[in-house]
Amino acid sequence: MTSAPATNENIRGAVHTSSIHDSSHKHVAGTAVYIDDIPELPGTLQVYIAMSTRPHARLASLDLAPVRSAPGVACVLSAADVPGINDASPVMGDDPVFAETEVCYVGQSIFAVAAPSIDEARAAAGLAVIEYEDLEAYLTVDEALAAKSFVLPQMKMKLGDAAQALETAPNRHSGRMRIGGQDHFYLEGQVAYAVPGEDADVHVYSSTQHPSEVQHNVAKVLGVPDHAVTVELRRMGGGFGGKESQPALMAAIAALVVRNTGRPAKVRLDRDDDMEMTGKRHDFVIEHDVAYDDDGVIQGIEFMQAARCGMSADLSGAICDRAMFHSDNCYYLQNATITSHRCKTHTVSNTAFRGFGGPQGMVAIERVMDEIALQTGRDPLDVRKANLYGTGDRNVTPYHMTVEDNVAPELIEELETSSNYRARRATIREYNAAGNILKKGIALTPVKFGISFTNTFLNQAGALVHVYKDGSVHLNHGGTEMGQGLFVKVAQVVAQEFQIDIERVKITSTTTAKVPNTSATAASSGSDLNGMAAQAAARTIKERLIQHAIDAHNVPREQIVFLPNRVRIGNEEMSFADLVNEAYMARVSLSATGFYKTPKIHWDPMTGRGRPFYYFAYGAAVSEVIVDTLTGENRVTRVDILHDAGQSLNPAIDLGQIEGGFIQGMGWLTTEELWWNDAGRLMTHAPSTYKIPACSDRPDDFRIAIWDKGRNVEDTIYRSKAIGEPPLMLAISVLSALTDAVASVGGYKLLPDLDAPATPERLLAAISGLKARAAS
């Protein structure tokens, strides 16, 4: 040991500092290994999944003999070939791997073909002889509502007496809005690679946000215990919720081929098949009936939310619940009734998508704010501010949770000032009054997003940490990396705990063989859960090292201090690596598991009461747009964002998440239109027909800041806040700004009839409709 020098240096990769994404150099160079990049073993089979061409029909006959006799075919699988349970659903047991007697959407899997090449498999599948007997199909929310077709029972939340408030308030208006869905359009499509092991075991490389669920579903389909299936992945090329429940189908089919042939098998969907076969963000129809006073303060409101869930429940129950939870956004609804219908349609089962229902609920209440502003003649921002939750009172949600961490008023005031909102709005009003064909709009909208899985049992995580004799660290946990920076954040936590440079922490693939029974990396909880679990494991080992130092060096606990890459023991110092080696020689265990479960949360869906969220994440955005009133073409010209990330674990990563989330939300609300034809087929199933935002759609003036006063009031990992989902909803400001621009055509007297996404066609229709209403 050496004498202790005075020093102020820090470790590289400490928490609250900007560390680059652990794979960023590989992303840029194209060397990051995804599932499809894993070298294929000899004899690997390629699998094609044959899909239904009808939205709802009985399978009158299915002749696969021509398929089995086709050149190169090694295996043909249908429902009759499933040795276990023919189901790949996350919850309800209603998502068959292969259709049995009935198909329920265009794109549903009927059978699979395995051959040495995907071309051989696809060609063979085309030889199948399928006879359908068509049945009545419900394709839209309205058709499902009329037929009372639901995948789950109706839900209701209630606070106060909305009906009474509606009858007695001085002002009352009602409206209806359609909010479109969204395809995940992850860069890496759905893919699974299954490899046979000993004793009928199977190892599945799956591009999934939920390895444990894939493991469980593969085992269920094969009819084996979970321990016979290992699921592993190092990274995904994007997920956004689309790889939470959906990958189980691809993994199960790949594993079935392994079981039947003894050969490795890969299922890799092309983009068209991926978009037709997998679920989207739920589209909603939301009706509102609102009562308010002359200042625009809401006295009572009723919402009817109807979601297109598709042919099965998937995760729709929790998604529709979260839409209800976020019907308030940042606003106190003292008398509110929210009714939710989960509609069964003969379309693909919709699924998780960034925000998980919350964005749809928020869009509706923000439309209400815009409507009240137009009816009262007030600035929409003033209406929003008048309805904000309080900090000491006016702070109970429609689900009877008290909001204890409300920073929205302060954050909004700061953004209003820094963005120069008032002056810009006045300038825009003057510009629009000049009679220009181009109209401008501006809006400031806030976000309050609840953080936790609303199914309480999912709020748990595990981690495994090894410290090797040389002081290097192996880190594993149940979270998955999909580009969001989770892995580097958790590595920062472990580096911080041991006070070692982050390069000393090895990030490893997520695998069910190391950390079992994990929850999905979803609900924006990845860092909260896995960071705390990894911290617990690191602290267990650190405590053992401290106890060893106490015993070996005969010093009191308070004289042992972990410094950057070294440890002070009394008046002497030794490197972290030397202390670790010394502890190893003294037979101290240098491996530990960590576990974390989120405290305080509870939710009773039967009563509609509880505390489903540990805390809320807040933010606000100002968006400015310009619209061509002759064509509906439009651009977002400037965006100002102020977002609360608590005490950010990694500001660089968080800024990237804010920017990416906003752009994805902007695409959802402006350009990304899903369209099914009358035969139930999705026609926007490729980049040629489905428009995600391009680089040129990014606002030229884009100002993003993390709120410097942010600090989580709850005991989260280093007082940080979740960042994955909340920024998406900042883009609601774009829809409100477009509404503002179109409203100028009618002299700001009438609410435009503008559904989402606000495509140029919809904007032009809204402008024409507004002109006609204003003239009448």
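Visitor: Hi! Where is the place of R719?
Guide: Hello! R719 has its place in the loop between strand 30 (701-706) and helix 18. Keep in mind that this is a predicted model.

Visitor: And what is phi of R719 near?
Guide: Phi of R719 is near 60°, which is a positive value in a residue other than glycine. N554 also has a positive phi, near 55°, and N554 is again a residue other than glycine.

Visitor: Where is N554 found?
Guide: Look in the loop between helix 15 and strand 22 (560-563).

Visitor: Buried or exposed, that N554?
Guide: N554 counts as exposed, because its relative accessibility is 70%.

Visitor: Back to helix 18. At what angle do helix 10 and helix 18 pack?
Guide: Helix 10 (residues 358-376) packs with helix 18 at an angle of about 30°, and their axes are 10 Å apart. The two helices, helix 10 and helix 18, are therefore roughly parallel to each other.

Visitor: Is the crossing right-handed or left-handed?
Guide: Helix 10 passes helix 18 in a right-handed crossing.

Visitor: Which residues make the contact?
Guide: From helix 10 come P359, M362, V363, E366, R367, D370 and L374, and from helix 18 come I732, L735, S736, T739 and A743. Sorted by class, this contact of helix 10 with helix 18 has seven nonpolar, two polar and three charged residues.

Visitor: Another helix pair, please. How do helix 15 and helix 16 cross?
Guide: The axes of helix 15 (residues 526-553) and helix 16 (residues 576-585) cross at roughly 75° and come within 10 Å. Helix 15 and helix 16 are therefore roughly perpendicular to each other.

Visitor: Which residues meet there?
Guide: On the helix 15 side you have L545, H548, A549, A552 and H553, and they meet F576, L579, V580, E582 and A583 in helix 16. The residues of this contact of helix 15 with helix 16 divide into seven nonpolar, two polar and one charged.

Visitor: What about helix 6 and helix 7, how far apart are their axes?
Guide: The axes of helix 6 (residues 211-222) and helix 7 (residues 247-261) are 9 Å apart, and the helices pack at an angle of about 45°. That angle makes helix 6 oblique to helix 7. The crossing of helix 6 and helix 7 is right-handed.

Visitor: Who meets whom in that pair?
Guide: V214, N217, V218, V221 and L222 in helix 6 meet P247, A248, A251, A252, A255, L256 and R259 in helix 7. The residues of the contact of helix 6 with helix 7 divide into ten nonpolar, one polar and one charged.

Visitor: Now G84. Which residues is G84 in contact with?
Guide: Leaving aside its neighbours within four places in sequence, G84 is in contact with K220, V221, L222 and G223. Of these, V221 and L222 in helix 6 are also among the residues that meet helix 7. G84 itself lies in the loop between strand 4 (75-77) and strand 5 (102-103), and G84 is partly exposed, with a relative accessible area of 29%.

Visitor: Let's switch to rings. How many aromatic pairs are there?
Guide: The structure holds 13 aromatic pairs. In one of them, the rings of Y193 and Y205 have centres 6.5 Å apart and planes at 25°, so the pair is stacked. Y193 is in strand 10 (residues 191-196) and Y205 in strand 11 (residues 202-206), twelve residues apart.

Visitor: What does Y193 count as, buried or exposed?
Guide: Y193 counts as buried, at 1% relative accessibility. Y205 counts as partly exposed, at 22% relative accessibility.

Visitor: Which residues do ring pairs link into a cluster?
Guide: Ring pairs link F325, Y399, W603, F613, F616 and Y618 into a cluster.

Visitor: Last one: where does T637 lie?
Guide: T637 lies in strand 29 (residues 634-643). T637 and D701 are 64 residues apart in sequence, yet 6.4 Å apart in space, C-alpha to C-alpha.

How values were computed
Residues numbered from 1 in each chain as written. Predicted model: local features only at pLDDT ≥ 70, side-chain atom pairs only at ≥ 80, totals over all residues. Heavy atoms only, no water. Axes fitted to C-alpha atoms, helices over the stretch in contact; angles between N-to-C directions. Helix = DSSP H or I, 4+ residues; strand = E, 2+ residues; numbered from the N terminus. Parallel < 35°, antiparallel > 145°, perpendicular 65-115°, else oblique. Left-handed = near helix turned anticlockwise from the far one by under 90°. Contact = heavy atoms within 4.5 Å. Nonpolar A, V, L, I, M, F, W, Y, C, P; charged D, E, K, R; others polar. Phe/Tyr/Trp six-rings, centres within 6.5 Å; stacked < 30°, edge-to-face > 60°. Buried < 20%, exposed > 50% of the residue type's maximum accessible area, 1.4 Å probe, protein only.
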